Amino acid sequence: MEINIPDVLAEVTAAFERYEVALVNNDVAVLDELFWNSPLTLRYGATENLYGFDEIRAFRAVRPSAGLARTLGRTVITTYGRAFATANTEFHRAGSDRAGRQSQTWMLTPDGWRVVAAHVSYLS
């Protein structure tokens, strides 16, 4: 298996960056688009466990849109072959001293790269 094929890495990096812009701007349509529309998709958040695309979409629809700005650090994106990737990053929210972590598993679908699993947590 080839790791970090340059063109695949560039595609996933672009998808990750698009997700980040949508996240901090609360662009729910793009966030929904970038999650795989499947009951198998999951997202573990800082305060919620969401199983399936429908639960994730419902959470996004009512999530507060204030205080979403953040700074990323130590982002590591790794591709495995041409259809699977992971993206991990640390983040700090504006006005907070807490450090957070985000992990995403991406899969290439017929509609493009989609998050199939995500985890967001804070360090104590």
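Author: Met 107 is placed in strand S5, a strand being a DSSP run of E of at least two residues and a helix a run of H or I of at least four, both numbered from the N terminus. The model is predicted, so local features need pLDDT of at least 70 and side-chain atom pairs count only at pLDDT 80 or more, whereas totals for chains, interfaces and linings use all residues. Residues are numbered from 1 along each chain as its sequence is written, and side-chain values use heavy atoms, with hydrogens and water left out.

Reader: What makes Met 107 buried, partly exposed or exposed?

Author: The relative accessible area of Met 107 is 26%. Buried means under 20%, exposed over 50%, and partly exposed in between, with a 1.4 Å probe and protein chains only. Met 107 is therefore partly exposed.

Reader: Which residues are in contact with Met 107, leaving aside its neighbours within four places in sequence?

Author: With contact taken as heavy atoms within 4.5 Å, Met 107 touches Trp 36, Ala 83, Gly 112, Trp 113, Arg 114 and Val 116. Thr 89 stands 18 residues from Met 107 in sequence and 18 Å from it in space, C-alpha to C-alpha.

Reader: How do you know that S5 pairs with S4 and with S6?

Author: Two strands pair if DSSP finds at least two bridges between them. Nine bridges join S4 (residues 84-93) to S5 (residues 99-109), and 10 join S5 to S6 (residues 112-122). Both pairs meet the criterion, because each count reaches at least two bridges. S4 and S5 run antiparallel, as do S5 and S6. Within these pairs, Glu 90 stands opposite Arg 101, and Thr 86 has Thr 105 as its bridge partner. Thr 105 is in turn the bridge partner of Ala 117 in S6, and Gly 100 is that of Tyr 122.

Reader: How many residues lie between the strands in each hairpin?

Author: The hairpin of S4 and S5 has five residues between the strands, and Gly 95 there takes a positive phi near 80°. S5 is joined to S6 through two residues.

Reader: Why is the pairing of the sheet called mixed?

Author: Strands of a sheet pair through backbone hydrogen bonds, either parallel or antiparallel. S5 and S6 run antiparallel, whereas S1 and S6 pair in the parallel sense over three bridges, with Tyr 44 and His 119 as one of the partner pairs. The six strands form an open sheet in the order S2-S1-S6-S5-S4-S3.

Reader: Which strands does helix H1 touch, and at what angle does its direction stand to that of S3?

Author: H1 (residues 6-24) packs on the sheet, touching S3, S4, S5 and S6, and its direction makes about 150° with that of S3. Such angles run from 0 to 180 degrees between N-to-C directions, with axes fitted to C-alpha atoms, for helices over the stretch in contact. Helix H3 (residues 53-62) lies across S1 (42-44) and S2, at about 130° to S2.

Reader: What makes S6 largely enclosed by the rest of the structure?

Author: Eight of the 11 residues of S6 are buried, so this strand is largely enclosed.

Reader: Which residues lie nearest the centre of the largest pocket?

Author: They are Arg 43, Arg 63, Arg 93, Val 120 and Tyr 122, among 19 lining residues. A pocket is an open set of points on a 1 Å grid over the protein atoms alone where a 1.4 Å probe fits, with protein on both sides within 12 Å along at least five of seven lines; lining residues have an atom within 4 Å of a point. S6 gives the most to the lining, with three residues.
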